[in-house]
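Please look over the chain below before reading the questions and answers on it.

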Amino acid sequence: MDIVAERKPAERKVTTLAALTENQQAAIRLIPAEADAVVEPLEATRPNAIFTGRERFDAEQARIFRRYPVPVTVSALLPEPSMVMAHDGYGVPLLIARTKSGEIKAFLNACQHKGSKLLEDCEVHKRGRVTCPYHAWTYGIDGKLIGVARNEAFLNLDKSERSLVELPAREWGGIVYVQLDRGHAADWSQLHDQIAADFTALGIPDAFVYGRKTFELKANWKVILEPFLEGYHVQRLHAASIGDLFQDAPNIVDLFGPNIRQVSGRMGYVPAMLDEDPAQNIHKLVTHAYTAFPNCVVVTSQYYTSVMILMPRDVGHTTVEYFMLTPGAPTTDKAREVFERSYELILGVFGGEDFRAAEISQVGLQAGVPETTVYCGLESNIVRYYEALEALL
Ligand code: FES
Ligand SMILES: [Fe+2]
């Protein structure tokens, strides 16, 4: 048994206030005590068609999801060199690879012989090359065609011209972004350095992927996103699960371009708690919730971080990939048990409550009700986020 790992189990690593970026700390220091919080009333609406209309969906696809790089997965899913996986979440067949040198690359998951998918499942594989299942052409995970079965039967086949099609890819605070559309040069301008710095301080790039689950949801991606931008539903929709841990009060919000950071105190929070014990786990006092442009949600909990990527497939269909990240792999039975319970709880909350709410809302929206959705002061971040999106449409 590894004595060091036993004595310092990874799951006991805590994030302290001081470990966060200065910018995060400054935001946390602004969170009022629950009793002092004031909610500004708000009057705002959005037309039903932004959730149900074909025109709006197509505009979002063209001007956001195909125009800018989009998040595809977490860096932590490919922690080591020579790892590769297929990804289909956006309806574009992708291969995401961490090369021998540790760099992230993305390719179309399509063979240069006749287009066959090279990897059919979306599991992570540890290997330096991929072989096409059809006629066994072999590619390095740097995309180069390195082997052609019965090569001598091809006249003038230049292997160097049949590398996999590479797409621009980049890691950003532990999230892997890929430019899906080959028709546009990659424009990284919507990603923000502060978000990458925050995510790094939260340990996202070096985390361990404890759990990963894909949901196919019958709802528009924004209907699924909305509950992660507001606290109004928490004590109500989640009354039987986590509702009593969170206050209704508004949170401290910062926009970094079209990226939103919200920090809020948990139930009973008062600012003096921050300085009671410098070694304490900041996640016990404060919840961070981010919407990283355009469709990646990050929510912190006491012992793990949730990352969700909401991939629009159609007006009323979204693929959501959920990742539960922990500071390390569980090294004890007790840790395994805690992580397992947390995983079940969070899947029940997000899957059984938030995602369910989204699906039942979509039913009404598609029946034309309401004609305009209406937002209150506890939902103002939704409106701010929509304004940022609308500026790009
Ligand atoms: S389609 Fe891949 S080797 Fe033929
Ligand atoms: Fe929720």
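This is a predicted model: local features need pLDDT of at least 70, side-chain atom pairs count only at pLDDT 80 or more; totals for chains, interfaces and linings use all residues.

Q: Where is leucine 17 placed?
A: Helix α1 covers 3-7 and helix α2 covers 22-29.

Q: Is leucine 17 buried, exposed or partly exposed?
A: Within 10 Å, leucine 17 has 19 other C-beta atoms. A buried residue needs 20 or more, and an exposed one has 12 or fewer. Leucine 17 is therefore partly exposed.

Q: How many Å apart in space are leucine 17 and isoleucine 282?
A: Leaving aside neighbours within four places in sequence, the contacts of leucine 17 are Gln25, Ile28, Leu274 and Ile282. In sequence, leucine 17 and isoleucine 282 are 265 residues apart. From C-alpha to C-alpha, their separation is 5.5 Å.

Q: Which strands stand at the edges of the open sheet of seven strands?
A: The strand order is β13-β19-β18-β17-β16-β15-β14, with antiparallel pairing. Each edge strand has a single partner, so one of its sides is left without a neighbour in the sheet. The edge strands are β13 (208-217) and β14 (252-256).

Q: Which residue in β16 is the bridge partner of glutamine 262?
A: Strands β15 (residues 259-265) and β16 (residues 286-292) run antiparallel and are joined by six bridges. In β16, the partner of glutamine 262 is alanine 289.

Q: What angle does the direction of helix α8 make with that of β13?
A: Helix α8 (residues 333-366) packs on the sheet, where it touches β13, β18 (305-314) and β19 (317-326). Relative to the direction of β13, that of α8 makes an angle of about 25 degrees.

Note on methods:
Residues are numbered from 1 along each chain as its sequence is written. Chains are lettered from A and ligands numbered from 1 in the order in which they are written. Helices (H or I, at least four residues) and strands (E, at least two) are DSSP runs, numbered from the N terminus. Two residues are in contact if their C-beta atoms, placed from the backbone, lie within 7 Å. Two strands pair if DSSP finds at least two bridges between them. Axes are lines fitted to C-alpha atoms, for helices over the stretch in contact, and angles run from 0 to 180 degrees between N-to-C directions.
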